[in-house]
Amino acid sequence: MLLGPSLGLSAILFSLGVAGVLLRRNAIVVFMCIELMLNAVNLTFVALAQLYGASGYIMVFFVMTVAAAEAAVGLAIILAMFRHRQSVDLQNINLLRG
Amino acid sequence: MSFSHWVWLAVALPLGGFLVNGALALRRPDAKGLVSLVGPGVLLGAFGVSVGVFRELLGNPPHEPLIVPIWPWLSVGQLSVDLAFQVDQLSAVMLLVVTGVGSLIHLFSVGYMREDPGYARYFSYLNLFIVFMLVLVLGSSFPVMFIGWEGVGLCSYLLIGFWFSDKANADAGKKAFIMNRIGDFGFLVAMYFIWRAFGTLNFTDVMARAPLTLAPGGVIVTAITLFLFLGCTGKSAQIPLYTWLPDAMAGPTPVSALIHAATMVTAGVYLVARTNVLFAMAPLSSTVVAGIGALTALFAATIGLRQYDIKRVLAYSTVSQLGYMFLGVGTGAYAAGVFHLVTHAFFKALLFLGSGSVIHAMHHAFHSTHSHDDAQDMRNMGGLRRHLPWTFGLMMLATLAITGMPPLSGFYSKDEILAAAFARGGDTPIFYLFYAMGVAAALLTAFYMARLMALTFLGENRTGEQERGLLHEAPWIMTGPLVVLGVLSLVGGALNLPHFVGGNAAMERWLEPVMEPGMRLNHLVMPEGSTDLLLGGVAVAIGVLGLVLGFRATLGRPTLPARQAPADTGLALVLNRKYYVDELYDGLFVRPVEWISRMVLWKGVDQTIVDGVAVNGAARVSRGLGWLGGRLQSGQVGVYVVVFLVGALWVLRAVLR
């Protein structure tokens, strides 16, 4: 039941997310792309749950919980970053350079 | 259970004394009364135990040694060594000598060391020395004996450097310790060979198996005995390792009497006597032992001729007399060597304690007048017989004993050794040479002893006007032991009266169960009747000649106090500087070792290789690796993500394959 299109859609969404993370410099956009990747994975879980049972659905709930927590922490970090630097451009954030 | 099983008490008592005195030295160094009670007290107790053991053996002489196990000590693979004591005729004799002479010297020390701030420390060391010495003579196996062997070396070091605030004393201690290490190396190697050859290290087993396992005169037994003898040359101050003993005189005089004359330095003689079977099976080693002994006897005696320090003369005399003992045991006259060991313990302890009495008087006199003259230099003495009559009489007695005047103890023991060397010459002609060297050494012995007595006690007093009135005899606690030793020096010969004076060689027969296996392998036909008498006559004549020459040469010309005396020249200087052997060793060994230590080991190995390559190199390598790793950390999130992605894909590929 629409397994092929579902998986195809999730693959496209995931790739879009990866591309966004790799290419964009704005931290907010990168963050949103990560969310996109997580939701692509959720779609895969839901689609495959039809074949392999309910554990896929349960996994989705876990992912959503983690995503919510990550959104809270991630946005707080970005906010703190912006207060310090007046910018959310990731190229300027390189304090960890060795 | 016989009384001999309690022999461990003889070791335990001084050990207790060491602990008590050591504790007092740390906490209450001023409790001299208690120390004076405990220090000599435990020794007298140990002497009592020794007498008890000896009496029991006397009543029922065992043919087999009695082994008293204390506890199992080492059990490694096939090697099993118990901490056990061996009671037999030989160890009983040594037990009596060590505790007997030790007791007298402890008593003497009470007077001699009374004013020393390290009084308690001194007695704790002295007690500890007795503990190790008894372990040495009682040990039933090579490793147990080695504990004592090392322990007495340690105590010797501690006591030589007793006044360690003076660098020369501390150096003398180190010298003794290091030279003994060289000898101990020989002992250890010998132990290894013995274990390889016999699979056991117990004396009784080794002696029983040796004639069955090894070929007489073979390489193995020769190597074992030569390495053992290397140990003996270190401990008993024989050529080439003798130079530490004269320097050891830096310690307190009773220490010189106990450790460096009567007991510790005779450990080598005891070792050869104990392992007589092995030495009897190795004629080459026995000849080396006798040759080194004869050479040392003669060589040290010549050095003794021109020393001015009273204790140094006695020190070289000790080296020389130890040479006699090795001549005896090397010849195969094991009992004669042990006999000379015993009589020498009496008269040499007496001589040292007498010199201690003299130094005590001189030191007090100089101390009272704040003079800085040397209290041990015989040129500052002279005419002391009027001030120290007891000491003079007793030291004269000891002088006659050491020069071998009948009927004093030294006559019998020295004569027997020389007679044995002469007898051995019958089958091994080189022993005639050793005999001649022994006789020459006897002449020199008489000469330097006469010189010592003449310079110290006879002639005009050279101490100084003010000091003269302050010279006086030591308290009875010091002269008392001297009197006892004097009596022993006088009658000590009775222990082993030879046949030609109607005796029955009691000590030889007593030691026979221990010495018989070696004597059987290395048979020695002692001269009888007229030959024996003639040899004795020659020895006495030589002794008298030496004494007369010595007194005449010394008293025949005036002696000046040390400060005014002209410097020695020519042969006298060479003898006074001990043939420059110390300088030779310094140039041959000490300086090269120091140079190698500094230039190769310190600057080369330590600074360049250890510090440079290893320590700093390791730091440099890790810093370089860290720098390389740091290049990966760009700080750019994007780069991390790419790396992460590549890694994730790589893992994915590996999983899916």
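**Entry 1: two helices in chain A**

I started with how H1(A) and H2(A) cross, and the crossing is left-handed. I'm working from a predicted model, so I keep that in mind throughout. H1 covers residues 3–23 of chain A and H2 covers residues 27–52 of chain A. Their axes come within 8 Å and cross at roughly 160°. Angles over 145 degrees count as roughly antiparallel, so H1(A) is roughly antiparallel to H2(A).

Next I looked up who meets whom. On the H1(A) side I found, among others, A:Leu3, A:Leu7, A:Phe14 and A:Val21. On the H2(A) side the list includes A:Val29, A:Cys33, A:Met37, A:Ala40 and A:Thr44. Sorted by class, this contact has 18 nonpolar residues, six polar ones and no charged ones. A:Gly17 and A:Gly20 are in the H1(A) part of it, and A:Asn39 is in the H2(A) part.

**Entry 2: where chain A touches chain B**

How many residues of chain A are in contact with chain B? I get ten, and they are in contact with 13 residues of chain B. The chain A side splits into six nonpolar, three polar and one charged.

**Entry 3: a helix in chain B**

I then turned to H14(B), residues 310–331. Is H14(B) buried or exposed? 22 of its 22 residues are buried, so the rest of the structure largely encloses this helix.

I also checked its length. At 1.5 Å a residue, its 22 residues should span 32 Å, and the end C-alpha atoms are 32 Å apart, which agrees.

Terms used: Residues numbered from 1 in each chain as written. Chains lettered and ligands numbered in written order. Predicted model: local features only at pLDDT ≥ 70, side-chain atom pairs only at ≥ 80, totals over all residues. Axes fitted to C-alpha atoms, helices over the stretch in contact; angles between N-to-C directions. Helix = DSSP H or I, 4+ residues; strand = E, 2+ residues; numbered from the N terminus. Parallel < 35°, antiparallel > 145°, perpendicular 65-115°, else oblique. Left-handed = near helix turned anticlockwise from the far one by under 90°. Contact = placed C-beta atoms within 7 Å. Nonpolar A, V, L, I, M, F, W, Y, C, P; charged D, E, K, R; others polar. Expected span 1.5 Å × (residues − 1). Buried ≥ 20, exposed ≤ 12 C-beta atoms within 10 Å, placed from the backbone.
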